[in-house]
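Student: I have a new structure to read. Please take me through it, one feature at a time.

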Amino acid sequence: MDTNTDPLDRLDDAVAAAAFRRLVRHLRHRHDAQNIDLMGLSGFCRNCLADWIRDAGYEGDKAAARELIHGMPQDEWKATRKTPATAEQLARMQASVAKNAQGHAQE
């Protein structure tokens with residue numbers, strides 16, 4: 001994608017940051033939306049957001065980035081929020097992640 005013509009790149013950084021924080025807080029509240037479901041539907045999850053903030057320059061390590069996104073250490077989040085994935089959820093996730101790879105190949 002040519003980012004020079006993408007209107008998103010003209011979005012004020014403060015507005016983008018506020019929207020990002022709202023998204024993260026929403027995901028913290030909606031822990032019933034499991035990462036496996038997010039991956040199956042959209043091809044990204046909370047852990048992806050943690051990776052993306054590191055890619056964008058966040059200086060913390062992987063664990064610190066995930067804690068920032070989850071609102072607690074990842075081990076605590078897994079113990080209190082995560083449910084076991086079903087075979088159907090895993091299959092949806094794999095198909096969705098494959099779409100990500102296809103989309104990035106076209107960019």
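Tutor: His 29 is exposed, because its relative accessible area is 60% (buried means under 20%, exposed over 50%, partly exposed in between, with a 1.4 Å probe and protein chains only). His 29 is found in helix 1, residues 13-29. Helices (H or I, at least four residues) and strands (E, at least two) are DSSP runs, numbered from the N terminus.

Student: What should I know about the model itself?

Tutor: It is a predicted model: local features need pLDDT of at least 70, side-chain atom pairs count only at pLDDT 80 or more, and totals for chains, interfaces and linings use all residues. Residues are numbered from 1 along each chain as its sequence is written, and side-chain values use heavy atoms, with hydrogens and water left out.

Student: How many helices and strands does the protein have?

Tutor: Six helices and zero strands. The order from the N terminus is α-α-α-α-α-α. The C-alpha trace spans about 40 × 30 × 25 Å along its principal axes. Of the 107 residues, 25% count as buried.

Student: Is Asn 35 buried or exposed?

Tutor: Asn 35 counts as buried, because its relative accessibility is 11%. Asn 35 sits in helix 2, residues 35-42. Contact means heavy atoms within 4.5 Å. Beyond neighbours within four places in sequence, Asn 35 is in contact with Cys 45, Arg 46, Asn 47, His 70 and Trp 77.

Student: How do I describe two packed helices?

Tutor: Use the angle between their axes and the distance between the axes. Axes are lines fitted to C-alpha atoms, for helices over the stretch in contact, and angles run from 0 to 180 degrees between N-to-C directions. Here, the axes of helix 3 (residues 46-55) and helix 4 (residues 62-70) come within 8 Å and cross at roughly 125 degrees. So helix 3 is oblique to helix 4 (under 35 degrees is roughly parallel, over 145 roughly antiparallel, 65 to 115 roughly perpendicular, the rest oblique). Residues making the contact include Leu 49 and Ile 53 of helix 3 and Leu 68 and Ile 69 of helix 4.

Student: Which residues form the aromatic pair?

Tutor: The structure holds one such pair. Rings of Phe, Tyr and Trp (its six-membered ring) pair if their centres lie within 6.5 Å; planes under 30 degrees apart are stacked, over 60 edge-to-face, the rest tilted. Phe 44 and Trp 52 are stacked, at 5.6 Å centre to centre and 25 degrees between the planes. Phe 44 is partly exposed at 22% relative accessible area. Trp 52 is partly exposed at 45%.
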